[in-house]
Amino acid sequence: MSPSPTDTLIDQLAADIRPVRPLRAPALRALMALAAIALVAGLAIALLGDVGELRRRYAGREALLALEMAAMLATGVLAIVAAFFLSIPGRSRRWIAAPVPPFVVWLLLSGLGCYDDFVRRNGVELQLGESMHCLLFILATSAVLAPLLIWRLARANPIDPLPVALLCALGVAAASAFVLQFFHSFAVTFIDLAVHLMAMLIVVGVIGLINRRALAPA
Amino acid sequence: MTAAGGDGQGDRWGDLLAAAQRGDPDAYRGFLDAILPFVRAIARRRCWSDDMAEDVIQDALLTIHRVRHTYQPGRPVEPWLAAIVARRSIDATRKRGRIGRQEVFNDAAYETFADPRANEPTGADASRTLARMTKGLPRGQKEAIELVKIKEMTLAEASLASGQSIASLKVNIHRAMKKLRLNRVKDPPE
């Protein structure tokens, strides 16, 4: 009796075996990627950022600033860590939800900050023109950070690339928005918040599409 | 054997896979043989026909081969394996759903005449006609046709040779055949 196609395939796979180096733990790989991103972002902030302006802008509202930036950072970090976990088969699907709570907190605090600023300005909103700077900044920073993450995540050939791609994009967009805070010349307004969200959606959409292909197994 | 495998069994699979990662072909063969019932049990639970389950099993084995570096020695193998087989089952179900909605498979359409001898290509003209007909096909479709229909490889062999999944090969063959038939109508052979 001739062997079944599955048996033949097993024979071929066994004959094709080559040594491979197992990937390190996803948490460690995520930490290494985050360290690289922190290095790039830290350098950019140290060389080009304006921390004094950030302090002046949030004078009297330091707690709000600290919480908002912590939520932003947590969203980025958890999304990136989750992407690394989900890129490995068999890891908990619950990682998908990990960045959601800090993301919601970030949106609420940003909304609160916007409302506060709106009241201070007696209802006068900024024009869209100023917020376009934020849109371009988030897109440009994401374009720098995304290839690094895609390259690291693609090592795992994720079997389900879409959630990995979306989490990667959310992480990149949140990290970019965090860095943007050090380059902002004005307080966040409702228009600004909407533009931030639009920029993030663009980043998530574009990276999601590109990444899905880039991360798909051969 | 149970579908989930016992703890001792899982440990043994883990040891075999770790040895396979170091390039031990015997350990790898032992691993693939040992996991086959586990893989088959999951595939059969998720597929509506034995044929589809066998396709999923072969696709899952190819995926296991490609992502074997993602297994971390010392961790349980079963969740890693189950996730791969489940994913490939979902992919197969979606692909079949898409094809079923958009395309109609007519087995008899490949026959030009009822008499099988009438379908046989005629000598030297055959290769020239075939080359002309496949010229405009996308690379993946052309490769699928060449490996499966001309070189008569099995889908598993063609998948290994081309790097395309079994499901992709099937889709590519189906689409290529459709295009070839259309080309024949538009541009009949001399």
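**Briefing on a predicted two-chain model**

B:E152 is exposed, because 9 other C-beta atoms lie within 10 Å of its own and a residue counts as exposed at 12 or fewer. The place of B:E152 is the loop between helix 6 and helix 7 of chain B, and its phi is positive, at about 60 degrees, although B:E152 is not a glycine. The model is a predicted one, and the predictor gives the complex an ipTM of 0.77 together with a pTM of 0.72.

**Confidence in chain B**

- The mean pLDDT of chain B is 81, and 77% of the residues of chain B reach 70 or more.
- Among the elements of chain B, the highest mean pLDDT, 93, belongs to helix 2, whereas the lowest, 69, belongs to helix 5 (residues 123-134).
- Over residues 1-5 of chain B the pLDDT is below 50, and this stretch has eight contacts in the model beyond near neighbours in sequence.
- Where pLDDT is low, the predicted coordinates should not be read in detail.

**Overall make-up of the two chains**

- Chain A contains eight helices and zero strands, and from the N terminus on its elements run α-α-α-α-α-α-α-α.
- Chain B likewise has eight helices and zero strands, with the pattern α-α-α-α-α-α-α-α when read along the sequence.
- Of the 218 residues in chain A, 38% are buried, while in chain B 32% of the 190 residues count as buried.
- Considering contacts with a separation of 6 or more, residues 24 or more positions apart account for 89% of them in chain A and for 61% of them in chain B.

**Helix 2 in each chain**

- Helix 2 of chain B (residues 25-46) has 22 residues and reaches 30 Å from its first C-alpha to its last, which is close to the 32 Å expected at 1.5 Å a residue.
- A kink of about 40 degrees lies at B:L36 in this helix of chain B, shortly before the proline B:P37.
- The buried residues of helix 2 of chain B are B:Y28, B:F31, B:L32, B:I35, B:F38, B:V39, B:I42 and B:A43.
- An α-helix has 3.6 residues a turn, so residues three or four places apart point the same way.
- In chain A, helix 2 (residues 26-48) has 23 residues that should span 33 Å at 1.5 Å a residue, and the end C-alpha atoms of this helix are 32 Å apart, which agrees.
- Buried residues in helix 2 of chain A are A:P26, A:R29, A:A30, A:A33, A:I37 and A:A41.

**Contact between chain A and chain B**

- The contact takes 35 residues from chain B and 26 residues from chain A.
- On the side of chain B that touches chain A, the elements giving two or more residues are helix 1 (7-21), helix 2, helix 3 (50-66), helix 4 (78-102) and helix 7 (155-162) of chain B.
- Helix 3 of chain B contributes the largest share of that side, with seven residues.
- By class, the side of chain B that touches chain A has 17 nonpolar, ten polar and eight charged residues.

**Domains within chain B**

- The domain assignment of chain B gives domain 1 (7-102) and domain 2 (109-186).
- Eight residues of domain 1 of chain B are in contact with six residues of domain 2 of chain B.
- On the domain 1 side of this contact, helix 3 and helix 4 of chain B each supply at least two residues.
- That side of domain 1 has three nonpolar, one polar and four charged residues by class.

- A:N157 lies in the loop between helix 6 (128-154) and helix 7 (161-180) of chain A, and it has a positive phi of about 40 degrees although it is not a glycine.
- A:N157 is partly exposed, with 18 other C-beta atoms within 10 Å.
- B:E143 is found in helix 6 (residues 139-150) of chain B and is partly exposed, with 19 other C-beta atoms within 10 Å.
- The C-alpha atoms of B:E143 and B:L169 are separated by 8.8 Å, and these two residues are 26 residues apart along the chain.

Terms used:
Residues numbered from 1 in each chain as written. Chains lettered and ligands numbered in written order. Predicted model: local features only at pLDDT ≥ 70, side-chain atom pairs only at ≥ 80, totals over all residues. Helix = DSSP H or I, 4+ residues; strand = E, 2+ residues; numbered from the N terminus. Expected span 1.5 Å × (residues − 1). Bend = angle between axes of the 7 residues up to and from the residue. Buried ≥ 20, exposed ≤ 12 C-beta atoms within 10 Å, placed from the backbone. Contact = placed C-beta atoms within 7 Å. Nonpolar A, V, L, I, M, F, W, Y, C, P; charged D, E, K, R; others polar. Domains from an automatic or database assignment. pLDDT = per-residue confidence, 0-100.
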